[in-house]
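Student: I have just opened this one and would like to go through it with you. Could we start with how its parts sit together?

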Amino acid sequence: MTVNMMTAHEVTQKVFNKEELFILDVRNEDAFADWKIEGDNFDYLNIPYFDLLDGVEGILDKIPSNKEILVVCAKEGSSVMVAELLSEEGLTVSYLQGGMKAWSEHLEPVKVGDLNDGGEVYQFVRIGKGCLSYMVISNGEAAIIDATRMTDIFTEFAASKDAKITNVFDTHLHADHISGGRKIAEQTGATYWLPPKDAEDVTFEYAALEGGNVVTIGNTAIDIHALYSPGHTIGSTSFVVDEKFLLSGDILFIDSIGRPDLAGKAEDWVGDLRESLYSRYRDLSEELIVLPAHFMIIDELNEDGSVAEKLGTLFAKNHGLNIEDESEFRRLVTENLPPQPNAYQEIRETNMGKVTPEEEKQREMEIGPNRCAVR
(Lines give C-alpha, C1' and ligand atoms only; values in the text may rest on other atoms or scores of the structure.)
Protein backbone atom coordinates (compact mmCIF):
# COMPACT_ATOMS: atom_id res chain seq x y z
CA MET A 1 0.00 0.00 0.00
CA THR A 2 1.04 3.65 -0.05
CA VAL A 3 1.76 6.61 2.20
CA ASN A 4 0.30 9.93 1.09
CA MET A 5 0.79 13.49 2.31
CA MET A 6 -2.24 15.57 3.29
CA THR A 7 -1.96 19.34 3.66
CA ALA A 8 -3.62 21.52 6.28
CA HIS A 9 -5.71 23.03 3.47
CA GLU A 10 -7.01 19.60 2.48
CA VAL A 11 -7.90 18.75 6.09
CA THR A 12 -9.63 22.13 6.43
CA GLN A 13 -11.81 21.35 3.41
CA LYS A 14 -12.80 18.07 5.08
CA VAL A 15 -13.82 20.05 8.16
CA PHE A 16 -15.86 22.50 6.07
CA ASN A 17 -17.51 19.71 4.05
CA LYS A 18 -18.17 17.56 7.15
CA GLU A 19 -16.38 14.59 5.58
CA GLU A 20 -15.39 11.48 7.48
CA LEU A 21 -11.78 11.08 8.58
CA PHE A 22 -10.04 8.75 11.05
CA ILE A 23 -7.15 10.46 12.82
CA LEU A 24 -4.37 8.50 14.52
CA ASP A 25 -2.72 11.13 16.71
CA VAL A 26 0.70 9.95 17.92
CA ARG A 27 1.46 12.88 20.24
CA ASN A 28 1.61 12.39 24.00
CA GLU A 29 -1.72 11.95 25.75
CA ASP A 30 -1.62 15.34 27.51
CA ALA A 31 -0.97 17.19 24.24
CA PHE A 32 -3.85 15.37 22.55
CA ALA A 33 -6.21 16.03 25.47
CA ASP A 34 -5.37 19.75 25.38
CA TRP A 35 -5.75 20.30 21.64
CA LYS A 36 -6.56 18.27 18.55
CA ILE A 37 -7.88 18.59 15.01
CA GLU A 38 -11.65 18.86 15.22
CA GLY A 39 -14.31 17.92 12.70
CA ASP A 40 -17.97 16.96 12.92
CA ASN A 41 -17.34 13.53 11.41
CA PHE A 42 -13.81 12.86 12.60
CA ASP A 43 -12.94 9.83 14.74
CA TYR A 44 -9.78 9.62 16.81
CA LEU A 45 -7.26 7.22 18.26
CA ASN A 46 -4.44 8.61 20.41
CA ILE A 47 -1.44 6.31 20.78
CA PRO A 48 1.88 8.01 21.67
CA TYR A 49 4.61 7.46 19.11
CA PHE A 50 6.93 5.84 21.65
CA ASP A 51 4.35 3.10 22.22
CA LEU A 52 4.59 2.21 18.52
CA LEU A 53 8.37 1.92 18.17
CA ASP A 54 8.17 -1.87 18.27
CA GLY A 55 5.44 -2.00 15.62
CA VAL A 56 1.80 -1.24 14.95
CA GLU A 57 0.42 -4.78 15.04
CA GLY A 58 -1.23 -4.15 18.41
CA ILE A 59 -3.43 -1.31 17.10
CA LEU A 60 -4.49 -2.68 13.71
CA ASP A 61 -7.82 -3.89 15.11
CA LYS A 62 -8.57 -0.31 16.24
CA ILE A 63 -8.09 1.25 12.78
CA PRO A 64 -11.09 1.12 10.42
CA SER A 65 -10.77 -0.27 6.93
CA ASN A 66 -13.63 1.82 5.51
CA LYS A 67 -12.42 5.34 6.36
CA GLU A 68 -9.65 7.60 5.19
CA ILE A 69 -6.79 7.49 7.71
CA LEU A 70 -4.59 10.44 8.71
CA VAL A 71 -1.61 10.14 11.06
CA VAL A 72 -0.79 13.30 13.01
CA CYS A 73 2.13 14.33 15.23
CA ALA A 74 3.65 17.59 16.44
CA LYS A 75 6.01 18.39 13.57
CA GLU A 76 5.54 15.65 10.90
CA GLY A 77 8.48 13.27 11.36
CA SER A 78 6.89 10.80 13.78
CA SER A 79 3.68 10.62 11.75
CA VAL A 80 5.62 9.75 8.58
CA MET A 81 7.30 6.84 10.34
CA VAL A 82 4.04 5.53 11.82
CA ALA A 83 2.30 5.92 8.45
CA GLU A 84 5.04 3.86 6.82
CA LEU A 85 4.61 1.12 9.44
CA LEU A 86 0.87 1.05 8.77
CA SER A 87 1.51 0.95 5.02
CA GLU A 88 3.75 -2.09 5.49
CA GLU A 89 0.74 -3.78 7.12
CA GLY A 90 -1.32 -3.21 3.99
CA LEU A 91 -3.12 0.06 4.84
CA THR A 92 -3.35 3.17 2.68
CA VAL A 93 -2.69 6.10 4.99
CA SER A 94 -1.76 9.77 4.91
CA TYR A 95 0.31 11.94 7.23
CA LEU A 96 -0.29 15.63 7.98
CA GLN A 97 2.32 17.79 6.25
CA GLY A 98 4.05 19.89 8.90
CA GLY A 99 2.15 18.26 11.74
CA MET A 100 0.20 20.24 14.33
CA LYS A 101 2.53 23.20 13.88
CA ALA A 102 1.28 23.55 10.31
CA TRP A 103 -2.29 23.02 11.50
CA SER A 104 -1.86 25.85 14.02
CA GLU A 105 -0.63 28.25 11.33
CA HIS A 106 -2.97 27.49 8.44
CA LEU A 107 -5.41 30.20 7.34
CA GLU A 108 -8.29 29.59 4.94
CA PRO A 109 -9.78 32.63 3.13
CA VAL A 110 -13.59 32.62 2.97
CA LYS A 111 -15.70 35.35 1.37
CA VAL A 112 -18.34 36.49 3.85
CA GLY A 113 -20.15 39.17 1.87
CA ASP A 114 -20.29 42.04 -0.58
CA LEU A 115 -20.19 45.75 0.19
CA ASN A 116 -23.10 47.94 -0.83
CA ASP A 117 -21.18 50.00 -3.41
CA GLY A 118 -18.86 47.30 -4.68
CA GLY A 119 -16.10 45.40 -2.96
CA GLU A 120 -15.98 42.41 -0.64
CA VAL A 121 -15.23 41.26 2.88
CA TYR A 122 -13.10 38.17 3.39
CA GLN A 123 -12.61 36.18 6.57
CA PHE A 124 -9.35 34.28 7.13
CA VAL A 125 -10.16 31.22 9.25
CA ARG A 126 -7.25 29.97 11.33
CA ILE A 127 -8.92 26.63 11.71
CA GLY A 128 -6.47 25.04 14.13
CA LYS A 129 -6.43 27.90 16.61
CA GLY A 130 -9.84 29.49 16.27
CA CYS A 131 -8.49 32.90 15.22
CA LEU A 132 -10.35 34.97 12.62
CA SER A 133 -8.84 37.81 10.58
CA TYR A 134 -10.49 40.03 7.98
CA MET A 135 -9.81 41.91 4.77
CA VAL A 136 -12.09 44.63 3.44
CA ILE A 137 -11.49 45.38 -0.26
CA SER A 138 -12.94 48.34 -2.16
CA ASN A 139 -11.87 50.03 -5.40
CA GLY A 140 -8.31 48.77 -5.34
CA GLU A 141 -7.70 49.38 -1.64
CA ALA A 142 -7.68 46.92 1.27
CA ALA A 143 -7.92 47.11 5.04
CA ILE A 144 -6.87 44.21 7.27
CA ILE A 145 -8.28 43.62 10.74
CA ASP A 146 -6.68 41.38 13.41
CA ALA A 147 -3.96 39.91 11.21
CA THR A 148 -1.97 36.91 12.41
CA ARG A 149 1.84 36.74 12.35
CA MET A 150 1.65 34.67 9.12
CA THR A 151 1.57 37.84 7.06
CA ASP A 152 2.34 36.48 3.58
CA ILE A 153 -1.17 35.17 3.08
CA PHE A 154 -2.61 38.67 3.54
CA THR A 155 -0.16 40.47 1.28
CA GLU A 156 -0.38 37.78 -1.39
CA PHE A 157 -4.19 37.66 -1.22
CA ALA A 158 -4.43 41.45 -1.58
CA ALA A 159 -2.06 41.31 -4.55
CA SER A 160 -4.20 38.60 -6.17
CA LYS A 161 -7.16 41.00 -5.90
CA ASP A 162 -5.11 43.93 -7.27
CA ALA A 163 -5.67 45.76 -3.99
CA LYS A 164 -3.20 48.00 -2.15
CA ILE A 165 -3.20 47.55 1.63
CA THR A 166 -3.75 51.05 3.01
CA ASN A 167 -4.92 50.44 6.58
CA VAL A 168 -4.25 47.74 9.18
CA PHE A 169 -6.19 47.47 12.45
CA ASP A 170 -6.04 45.49 15.65
CA THR A 171 -9.29 45.52 17.61
CA HIS A 172 -7.27 45.20 20.83
CA LEU A 173 -3.89 44.15 22.20
CA HIS A 174 -4.00 40.40 21.59
CA ALA A 175 -2.94 37.94 24.28
CA ASP A 176 -3.45 34.58 22.56
CA HIS A 177 -1.62 35.15 19.29
CA ILE A 178 1.07 37.38 17.87
CA SER A 179 -0.28 40.14 15.67
CA GLY A 180 1.02 40.60 12.16
CA GLY A 181 -0.53 44.05 11.86
CA ARG A 182 2.56 46.13 12.52
CA LYS A 183 4.70 43.98 10.19
CA ILE A 184 2.19 44.31 7.33
CA ALA A 185 2.02 48.07 7.85
CA GLU A 186 5.82 48.31 7.72
CA GLN A 187 5.97 46.19 4.56
CA THR A 188 3.23 48.05 2.69
CA GLY A 189 3.37 51.60 4.07
CA ALA A 190 -0.15 51.20 5.43
CA THR A 191 -1.39 53.03 8.52
CA TYR A 192 -1.40 50.80 11.60
CA TRP A 193 -4.29 51.50 13.98
CA LEU A 194 -4.39 50.40 17.62
CA PRO A 195 -6.71 51.45 20.48
CA PRO A 196 -4.67 53.89 22.60
CA LYS A 197 -5.95 52.55 25.93
CA ASP A 198 -4.38 49.20 25.01
CA ALA A 199 -1.21 50.84 23.72
CA GLU A 200 0.14 52.76 26.71
CA ASP A 201 3.17 50.46 26.98
CA VAL A 202 3.92 49.86 23.30
CA THR A 203 7.35 50.76 21.97
CA PHE A 204 6.33 51.82 18.45
CA GLU A 205 4.32 54.52 16.72
CA TYR A 206 0.72 53.87 15.73
CA ALA A 207 -2.44 55.72 14.74
CA ALA A 208 -4.85 56.09 17.67
CA LEU A 209 -8.04 54.15 17.04
CA GLU A 210 -10.71 55.80 19.15
CA GLY A 211 -14.48 55.71 19.31
CA GLY A 212 -15.95 57.79 16.52
CA ASN A 213 -13.08 57.29 14.07
CA VAL A 214 -14.20 56.82 10.49
CA VAL A 215 -11.62 55.37 8.10
CA THR A 216 -12.51 55.21 4.41
CA ILE A 217 -11.31 52.32 2.25
CA GLY A 218 -11.37 52.83 -1.50
CA ASN A 219 -13.02 55.57 -3.52
CA THR A 220 -16.56 54.47 -2.77
CA ALA A 221 -16.56 55.65 0.87
CA ILE A 222 -16.63 52.24 2.49
CA ASP A 223 -16.46 53.59 6.02
CA ILE A 224 -15.10 51.66 8.97
CA HIS A 225 -16.65 53.12 12.12
CA ALA A 226 -14.76 52.51 15.37
CA LEU A 227 -17.01 51.62 18.30
CA TYR A 228 -15.36 51.70 21.72
CA SER A 229 -16.36 48.45 23.42
CA PRO A 230 -14.14 47.66 26.42
CA GLY A 231 -14.39 44.50 28.49
CA HIS A 232 -12.04 41.94 26.96
CA THR A 233 -9.35 44.61 27.28
CA ILE A 234 -9.73 48.22 28.40
CA GLY A 235 -9.18 49.41 24.83
CA SER A 236 -11.23 46.84 22.90
CA THR A 237 -12.79 48.46 19.85
CA SER A 238 -15.39 47.07 17.45
CA PHE A 239 -15.95 48.13 13.83
CA VAL A 240 -19.10 48.68 11.83
CA VAL A 241 -18.20 48.24 8.16
CA ASP A 242 -20.49 49.71 5.51
CA GLU A 243 -23.44 49.72 7.97
CA LYS A 244 -23.62 45.98 7.28
CA PHE A 245 -20.93 44.10 9.21
CA LEU A 246 -20.00 44.28 12.90
CA LEU A 247 -16.44 43.18 13.58
CA SER A 248 -16.70 42.43 17.27
CA GLY A 249 -13.11 41.56 18.10
CA ASP A 250 -12.95 39.42 21.24
CA ILE A 251 -16.00 40.99 22.90
CA LEU A 252 -18.71 38.83 21.31
CA PHE A 253 -18.48 35.43 19.63
CA ILE A 254 -21.16 33.28 18.02
CA ASP A 255 -21.62 30.90 20.94
CA SER A 256 -19.81 32.72 23.77
CA ILE A 257 -18.52 36.07 25.01
CA GLY A 258 -15.06 37.49 25.66
CA ARG A 259 -13.15 36.88 28.87
CA PRO A 260 -11.98 39.95 30.82
CA ASP A 261 -8.99 38.54 32.68
CA LEU A 262 -6.05 38.35 30.28
CA ALA A 263 -4.44 41.45 31.76
CA GLY A 264 -5.29 40.42 35.31
CA LYS A 265 -8.29 42.75 35.39
CA ALA A 266 -11.31 40.43 35.53
CA GLU A 267 -12.98 42.12 38.50
CA ASP A 268 -12.24 45.59 37.13
CA TRP A 269 -13.36 44.95 33.56
CA VAL A 270 -16.44 42.77 34.00
CA GLY A 271 -18.61 45.90 34.30
CA ASP A 272 -17.17 47.27 31.05
CA LEU A 273 -17.85 43.94 29.36
CA ARG A 274 -21.49 43.99 30.42
CA GLU A 275 -21.87 47.64 29.39
CA SER A 276 -20.46 46.91 25.92
CA LEU A 277 -22.63 43.83 25.33
CA TYR A 278 -25.85 44.87 27.03
CA SER A 279 -25.91 48.61 26.23
CA ARG A 280 -23.59 49.66 23.39
CA TYR A 281 -24.38 46.63 21.23
CA ARG A 282 -28.10 46.89 21.98
CA ASP A 283 -28.10 50.29 20.32
CA LEU A 284 -26.90 48.76 17.03
CA SER A 285 -29.04 47.34 14.24
CA GLU A 286 -29.93 43.70 14.81
CA GLU A 287 -29.43 43.19 11.06
CA LEU A 288 -25.67 43.68 11.37
CA ILE A 289 -23.69 40.54 10.59
CA VAL A 290 -21.37 39.79 13.51
CA LEU A 291 -17.83 38.82 12.47
CA PRO A 292 -15.83 37.90 15.61
CA ALA A 293 -12.07 37.61 16.03
CA HIS A 294 -12.32 34.02 17.30
CA PHE A 295 -14.48 30.95 17.40
CA MET A 296 -14.45 28.52 20.31
CA ILE A 297 -15.98 25.30 18.97
CA ILE A 298 -16.28 23.75 15.52
CA ASP A 299 -20.09 24.04 15.72
CA GLU A 300 -19.77 27.79 15.19
CA LEU A 301 -18.71 27.30 11.56
CA ASN A 302 -21.37 27.84 8.92
CA GLU A 303 -21.85 25.49 5.95
CA ASP A 304 -19.30 27.43 3.88
CA GLY A 305 -16.73 27.42 6.69
CA SER A 306 -17.34 31.04 7.68
CA VAL A 307 -18.05 32.20 11.22
CA ALA A 308 -20.80 34.82 11.08
CA GLU A 309 -24.32 35.45 12.37
CA LYS A 310 -26.81 38.32 12.60
CA LEU A 311 -26.63 40.35 15.80
CA GLY A 312 -30.34 39.83 16.42
CA THR A 313 -29.89 36.06 16.28
CA LEU A 314 -27.12 36.27 18.87
CA PHE A 315 -29.29 38.38 21.16
CA ALA A 316 -31.83 35.57 20.97
CA LYS A 317 -29.52 32.55 21.23
CA ASN A 318 -26.20 33.45 22.83
CA HIS A 319 -26.41 32.63 26.55
CA GLY A 320 -23.87 35.31 27.43
CA LEU A 321 -26.21 38.02 26.09
CA ASN A 322 -29.20 36.80 28.10
CA ILE A 323 -28.14 36.91 31.74
CA GLU A 324 -30.44 39.46 33.35
CA ASP A 325 -28.97 39.24 36.83
CA GLU A 326 -25.75 41.26 36.93
CA SER A 327 -24.23 39.25 39.79
CA GLU A 328 -24.83 36.03 37.85
CA PHE A 329 -23.14 37.60 34.82
CA ARG A 330 -20.20 38.62 37.00
CA ARG A 331 -19.86 35.06 38.29
CA LEU A 332 -19.93 33.66 34.75
CA VAL A 333 -17.04 35.76 33.52
CA THR A 334 -14.87 35.69 36.64
CA GLU A 335 -15.41 32.17 38.03
CA ASN A 336 -16.07 30.14 34.88
CA LEU A 337 -12.86 30.90 33.04
CA PRO A 338 -10.99 28.32 30.96
CA PRO A 339 -7.20 27.96 31.31
CA GLN A 340 -5.37 31.05 30.13
CA PRO A 341 -3.73 31.00 26.70
CA ASN A 342 -0.27 29.50 26.40
CA ALA A 343 2.47 32.12 27.08
CA TYR A 344 -0.11 34.91 27.06
CA GLN A 345 2.09 37.36 28.98
CA GLU A 346 4.96 36.83 26.52
CA ILE A 347 2.52 37.26 23.63
CA ARG A 348 1.26 40.55 25.07
CA GLU A 349 4.84 41.80 25.46
CA THR A 350 5.63 40.74 21.88
CA ASN A 351 2.59 42.65 20.62
CA MET A 352 3.76 45.68 22.63
CA GLY A 353 7.13 45.53 20.87
CA LYS A 354 8.99 44.90 24.14
CA VAL A 355 10.40 41.55 23.02
CA THR A 356 11.07 40.03 19.60
CA PRO A 357 11.25 36.24 19.89
CA GLU A 358 12.74 34.08 17.14
CA GLU A 359 10.19 32.60 14.75
CA GLU A 360 10.39 29.09 16.23
CA LYS A 361 9.83 30.53 19.70
CA GLN A 362 6.78 32.43 18.39
CA ARG A 363 5.39 29.14 17.06
CA GLU A 364 5.81 27.51 20.44
CA MET A 365 4.19 30.46 22.22
CA GLU A 366 1.05 30.14 20.11
CA ILE A 367 0.56 26.38 20.22
CA GLY A 368 -2.83 25.38 21.62
CA PRO A 369 -6.55 26.14 21.20
CA ASN A 370 -8.47 29.41 21.44
CA ARG A 371 -8.93 30.40 25.08
CA CYS A 372 -10.34 33.91 24.71
CA ALA A 373 -13.97 33.01 25.47
CA VAL A 374 -16.31 32.06 28.29
CA ARG A 375 -19.61 30.30 27.84
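Student: How many Å separate the centres of domain 1 and domain 2?

Tutor: Taken over C-alpha atoms, the two centres are 32 Å apart. Domain 1 covers 3-102 and domain 2 covers 107-374, with bounds that come from an automatic or database domain assignment. This is a predicted model, in which local features need pLDDT of at least 70 and side-chain atom pairs count only at pLDDT 80 or more, while totals for chains, interfaces and linings use all residues. Residues are numbered from 1 along each chain as its sequence is written, and side-chain values use heavy atoms, leaving out hydrogens and water.

Student: Okay, what area is buried between domain 1 and domain 2?

Tutor: About 1,200 Å², with carbon and sulfur atoms giving 58% of that; buried area here is the accessible area (1.4 Å probe) that two parts lose on being put together, summed over both. On the side of domain 1, F16, W35 and K101 lose the most area to domain 2, together 52% of what that side buries.

Student: And which residue forms a salt bridge with K101?

Tutor: That is E360, and the closest N and O atoms of the pair are 2.1 Å apart. A salt bridge means a side-chain nitrogen of Lys or Arg within 4 Å of a carboxyl oxygen of Asp or Glu, and the count between domain 1 and domain 2 is one.

Student: How many residues of each domain are in contact?

Tutor: With contact meaning heavy atoms within 4.5 Å, 11 residues of domain 1 touch 17 residues of domain 2.
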